[in-house]
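Dear colleague,

I am handing over the structure we spoke about, and below it you will find what came out of looking through it. Please read the notes with the structure open beside them.

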Amino acid sequence: MGLMWLAHFLPLRLIAVVGNALGTALYWLIPERRRVTRINLARCFPQMAPAARERLARAHFRAFCRSFVDRAVLWFGSRERVLRMVRIEGLEQLQALGGAPAILFVPHFAGIDAGLTRLVCETRVAGIYANPKEAELGEWLRRGRGRFGNLQQISRQEGVRAALPWIRKGWPFYYLPDQDYGPRGALFVPFFGVPAATMPGLSRIARITGAKVLPCVTRMLPAGEGYVVSIEPPWDNFPTRDLAADTRRMNEYIERRVLEMPEQYLWMHKRFKTRPAGEARFY
């Protein structure tokens with residue numbers, strides 16, 4: 001972490017250079033994640049030329065490594081620098097709810113930590129976190145995410161149920177439901193035309209708590225320009241009585257945003273690890 005502390009003194013443009021260089025190197029140094037990324041892109045974009053998919057895969061590694069090095073500013077920079085680095089749009093959409101239950105629906109783009117840190121500067125937030133294998137990294141992540149305000153961090157081991165009381169109390173819930181957590185409780189819903197084991201938690205939590213669902217996406221800007229968090233208006237007619245339809249709506253929304261910034265989506269995750277009965281594994 002000493003190197004990250006030193007990195008936070010650098011200008012954002014130079015931090016981006018470091019992150020991009022790291023991403024270029026790790027693309028070749030982590031063959032398993034390179035292979036997963038290539039498989040995911042081939043499945044989701046079969047009509048894309050192989051050379052274009054390869055460029056996208058490399059850009060993906062650069063984007064995520066840049067976002068990791070940018071955390072030097074999030075973890076160690078001043079509040080004023082974080083406010084300059086990460087702009088927020090649509091905060092009024094959340095404020096208009098007046099403290100009523102709200103779920104911020106957050107797909108896995110490169111800027112998820114930048115967005116959370118920025119939101120905590122403005123409002124209290126509850127969210128679920130995963131424990132990394134590296135205990136020191138996990139501690140730095142927990143400390144860094146909440147150092148500018150009120151962040152209720154709930155371990156994934158506690159489960160979503162532990163978040164329900166906080167949602168009911170009016171803490172916006174920063175919810176990232178778009179990963180493959182295995183077959184238990186999941187529905188197979190298309191993601192770019194590929195059946196993907198998808199947790200229907202967004203619909204279920206909204207129904208249980210009466211929460212409004214507001215999409216919240218953080219876009220990484222060109223080198224040196226930081227990030228923009230966008231909070232969209234609450235979804236109308238959500239949840240419905242059709243759990244599968246609600247979950248399809250969630251995936252379709254993610255698809256639209258992925259097409260806007262495809263290199264920033266988490267392609268190195270084994271999104272299609274769980275397959276329908278009788279279907280061969282992808283990885």
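Contact, as the word is used here, means heavy atoms within 4.5 Å, and helices (H or I, at least four residues) and strands (E, at least two) are DSSP runs, numbered from the N terminus. This is a predicted model, in which local features need pLDDT of at least 70 and side-chain atom pairs count only at pLDDT 80 or more, while totals for chains, interfaces and linings use all residues. Residues are numbered from 1 along each chain as its sequence is written, and side-chain values use heavy atoms, with hydrogens and water left out.

With contact defined in that way, Phe68, Arg71, Leu74, Trp75 and Phe76 in α4 meet Leu137, Trp140, Leu141 and Gly144 in α8. Leaving aside its neighbours within four places in sequence, Phe191 is in contact with residues including Cys44, Tyr265, Trp267 and Phe272.

The sheet is open and is formed by seven strands in the order β1-β9-β8-β2-β5-β3-β4, with mixed pairing, where two strands pair if DSSP finds at least two bridges between them. Because β1 (86-89) and β4 (151-155) stand at the edges with a single partner strand each, one side of each is left without a neighbour in the sheet. Within the sheet, β2 (residues 102-105) and β5 (residues 173-175) run parallel and are joined by three bridges, and Leu104 stands opposite Tyr174 in β5. In general, strands of a sheet pair through backbone hydrogen bonds, either parallel or antiparallel.

Best wishes
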